[in-house]
Each structure stands twice: as C-alpha cells, then as structure tokens.
Amino acid sequence: MKGSPTIPEVPVQMAKADVSALVALARLVEVLSIAFSSASEEQRRLLVSQEMLLDLEALMSEAGIPVAKITELSVAARESIAATCQAQGEDSAAVRYRREMSRLFYQPPRMAVLEGRKWVTKKHRTAESAEIGERAAVAREYARQGLRVVPGASEAEDSLQYELEYMAWLLDGEADALAAGDLARVLQLRTFRRQFAAHHLGEFCRGVSVFVEDHSEDPVLLYYARLLYLVANLLVLPL
C-alpha cells in the first residue's frame, strides 16, 4: 500500500542472537515467578540446588547480563548455600528459604505483601491504574492479550508471581514472532513488554528486591532478590 512504512529485514545472525536473549530472559523471569510464590517443596529444593544456580548463570549470560555482575551475584551465593547444606543437611537451605519467605510475605504478622498495588507509586502508575486501581489495571493488561487469572486463584491479579508469569509469556511471544520474521508482531509485543515493565512490574521488582536486602540474611532469598533487580532493569530494554 502506498505510504505504508517499510519494516526492515533483520539479518539472520542478529535475529538468532535476539531470539536467544529473549528466550533466556523469559526463563529467568519464569524461575523468579516460582521463587517469589508459595512454591512447593520440590520447587524449593530445585531453587536451592547447585544445578539450578549454574543453569541460571548460563541464562544470565545469554540474556546479556555482564559477566562481572553474574560473577558477583552467583559465586558467593553458590558458596554460601553449599556451606549451609554441608553444615546443616542437604534440605536445610530449602527449609530456611521457605521459613524466610513465610516470615516476610505470608504468615502473620507478615512484613509485606507481594501485590503491585502496595509497591507501585503514583509517579509510575498509568492513568488507568489511578482511576480503577492497580489490581484492576493489571487485570485489564492481561485481558488485552486474551488472558485472565482463573477465578478462585490463591493470588491476586497484581501478585508478583502472576505479573512475572505474564512477562514470561510476552517474552516468549516476542521471541516466537522474531524467529518467524513477523516484525510487526515483534514491535507490538515489545511495546507491551516495555510499557508493562515501566508502569507495573519494574518498580514492583526493584522495591521487593530492596526490601529483602533490608530485612533478610537468607542467602537463597537474597540471591533471588538480587537477580530480580537485575532482570527488572533488562525488561524495559529493546533487546
């Protein structure tokens, strides 16, 4: 059509690299959605395993996090968690992590709630959020993509777990569209991702990360809180 914008072709090598970064970031976000939820015993054991920590290092590298940051975050965490397991038993790190999550976020008198409306300030909220509330605004974001939280679910729409799951869904869709060469869909999903990170998830993640730093000494929870902060900063980038 006359006057229609021309979408530039993406070199194959560049596209492959971008797809890999998006997929890696989606997997990191997916793991974080489990880490900041009422995870099962099996999931907690996996989260504290040396295998998982090594896999996350590889994903961080693939997602574009600088090597120095990865080393700073991961090496000390692996050593600390391994020392805890050696001194107190194989499951001790998972048990301590569960207790700390419960103390901070789940069991009364909990210190904080993992729901976006408690963390996102007026400065970053959308006009829609200011009008109908953060929880309802986030639910509308899901609905625009044909998604919804199942009625009766244990978490609210603006829970950190569900917002991270939604972000992983956006990243996977963006990666699939890029791999298929559908750049119009890539740009659409990228816009949704960056706007959701800027107005809903980013400040939420950073706030939770800083809160954990200030109130916990558990090496597992600190590791995932610091990873949460790094990932939050990546979500607003074009990649």
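Predicted model: local features only at pLDDT ≥ 70, side-chain atom pairs only at ≥ 80, totals over all residues.
Local features were taken at pLDDT of at least 70 and side-chain atom pairs at pLDDT 80 or more, while totals for chains, interfaces and linings use all residues. Residues are numbered from 1 along each chain as its sequence is written, and side-chain values use heavy atoms, with hydrogens and water left out.

The contact (heavy atoms within 4.5 Å) involves residues including Arg 193, Cys 205 and Val 208 of α9 and Leu 221, Ala 225 and Leu 228 of α10. By class, eleven of the contact residues are nonpolar, three polar and four charged; here Ala, Val, Leu, Ile, Met, Phe, Trp, Tyr, Cys and Pro count as nonpolar, Asp, Glu, Lys and Arg as charged, and the others, Gly among them, as polar.

Helix α10 also packs with α3, at an angle of about 15 degrees and with the axes 12 Å apart. That makes the two roughly parallel (angles under 35 degrees). Met 52, Leu 53, Leu 56, Met 60 and Ala 63 in α3 meet Tyr 223, Tyr 224, Leu 227 and Leu 234 in α10, giving nine nonpolar, no polar and no charged residues.

The largest nonpolar core has 71 residues; such a core is a set of buried Ala, Val, Leu, Ile, Met, Phe, Trp, Tyr and Cys residues joined through side-chain atoms within 4.5 Å, where buried means under 20% relative accessible area (1.4 Å probe, protein chains only). Phe 36, Leu 160, Val 208, Tyr 224 and Leu 227 touch the most other members, and α10 gives the most to this core, with twelve residues. Leaving aside neighbours within four places in sequence, Phe 36 contacts residues including Tyr 97, Leu 160, Val 208 and Tyr 224.

Two sites remain, both in the loop between α5 and α6. Thr 126 is buried, with a relative accessible area of 18%, and touches His 199 and His 200, not counting residues up to four places away in sequence. The peptide bond from Pro 108 to Pro 109 is cis, with omega near -5 degrees; most peptide bonds are trans.

Key
Helix = DSSP H or I, 4+ residues; strand = E, 2+ residues; numbered from the N terminus. Buried < 20%, exposed > 50% of the residue type's maximum accessible area, 1.4 Å probe, protein only. Axes fitted to C-alpha atoms, helices over the stretch in contact; angles between N-to-C directions. Parallel < 35°, antiparallel > 145°, perpendicular 65-115°, else oblique.
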